[in-house]
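Hi everyone, thanks for making time today. Please have a look at it while I talk.

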Amino acid sequence: MSLTPSNPFPVGTIAPCFNLIDVVSNKKMSLQELKGEKGTVIMFICNHCPFVVHVNSELVKLANQYIEKGIGFIAISSNDVKKYPQDSPELMQQLAKRLQYPFPYLYDETQEVARSYDAACTPDFYVFDEGLKTTYHGQLDNSRPGNGISLTGQDIREALDAVLDEKAPLKTQKPSMGCNIKWK
């Protein structure tokens, strides 16, 4: 595990389009069909990263609360499954079902989507407004495995509330931290 911060992704950047397989339904899904009416969260996650394992419960809670407010949530795994078989689509499907992800869990086999977002770590969070312009790219909150700080999703919640209230993007956007994406 290599502790890696997220790369810069400028506010106002339009979300790159994609069309990936959802491991639960086994159907190709596009950003256009998955985006939320009022905003969208795209998360680069994976099965095995301890940082993702740490935040999974808050991701489910957060999504369940904000989906009903018109925010779409999309999870994408881009890891090299030959070197990290625990991140395979079959195991992604099992995890998504076990944790009852209320969002699609997409597999980025070619890693092209991760590259188009300049994703660097898992978890890596992006918030977009209704027009798919970036309003936030950063951490979920200050909690990390073993640091004793409770999960709240505070940073993402503030970013989403700003989108819903049509306010300016947060001035302070701390990078997410986690395991590096496992590139081929």
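Let me begin with a definition: a salt bridge here is a side-chain nitrogen of Lys or Arg within 4 Å of a carboxyl oxygen of Asp or Glu. Before we use it, some housekeeping. This is a predicted model, in which local features need pLDDT of at least 70 and side-chain atom pairs count only at pLDDT 80 or more, while totals for chains, interfaces and linings use all residues. Residues are numbered from 1 along each chain as its sequence is written, and side-chain values use heavy atoms, with hydrogens and water left out.

So, how many salt bridges does the structure hold? The structure has one. The partners are Arg 157 and Glu 58, whose side chains meet at 2.7 Å, N to O. Arg 157 sits in helix 5 (residues 154–164) and Glu 58 in helix 2 (residues 50–67), so the pair ties together parts 99 residues apart in sequence. When I say helix or strand, I mean DSSP runs numbered from the N terminus: H or I with at least four residues for helices, E with at least two for strands.

Are these two partners buried or exposed? Buried means under 20% relative accessible area, exposed means over 50%, and partly exposed is in between, with a 1.4 Å probe and protein chains only. Arg 157 counts as buried because its relative accessibility is 16%. Glu 58 is buried too, since its value is 4%.

Next, the nonpolar cores. A nonpolar core is a set of buried Ala, Val, Leu, Ile, Met, Phe, Trp, Tyr and Cys residues joined through side-chain atoms within 4.5 Å. The largest has 34 residues, and Met 43, Phe 73, Tyr 105 and Leu 160 have the most contacts inside it. Several elements each supply at least two of its residues, including strand 4 (39–44), strand 5 (71–77), helix 3 (89–98) and helix 5. Which element supplies the largest share of this core? That is helix 2, with eight residues.

If you click on Tyr 105, you will find Ile 21, Val 23, Cys 46 and Met 92 among the residues it touches, leaving aside those up to four places away in sequence. Contact here means heavy atoms within 4.5 Å.

On a 1 Å grid over the protein atoms alone, a cavity is a set of points where a 1.4 Å probe fits but cannot get out; a pocket is an open set with protein on both sides within 12 Å along at least five of seven lines; and lining residues have an atom within 4 Å of a point. Points are joined across faces, edges and corners, and a volume is the space filled by probe spheres set on them.

The largest pocket has a volume of about 200 Å³. Helix 5 gives the most to its lining, with three residues. Overall, that lining divides into five nonpolar, one polar and five charged residues. For these classes, Ala, Val, Leu, Ile, Met, Phe, Trp, Tyr, Cys and Pro count as nonpolar, Asp, Glu, Lys and Arg as charged, and the others, Gly among them, as polar.

One of the lining residues of the largest pocket is Glu 166, found in the loop between helix 5 and strand 10 (177–180). Glu 166 is exposed, at 73% relative accessibility, and has a positive phi of about 55° although it is not a glycine. Gln 100, in the loop between helix 3 and strand 6, also has a positive phi, near 55°.

The second largest pocket holds about 170 Å³ of space. Strand 2 (19–22) and helix 4 (112–116) each give two or more residues to its lining.

Keep an eye on Pro 123: the peptide bond from Thr 122 to Pro 123 is cis, with omega near 0°. As a reminder, most residues other than glycine have a negative phi, and most peptide bonds are trans.

That's my tour, thank you!
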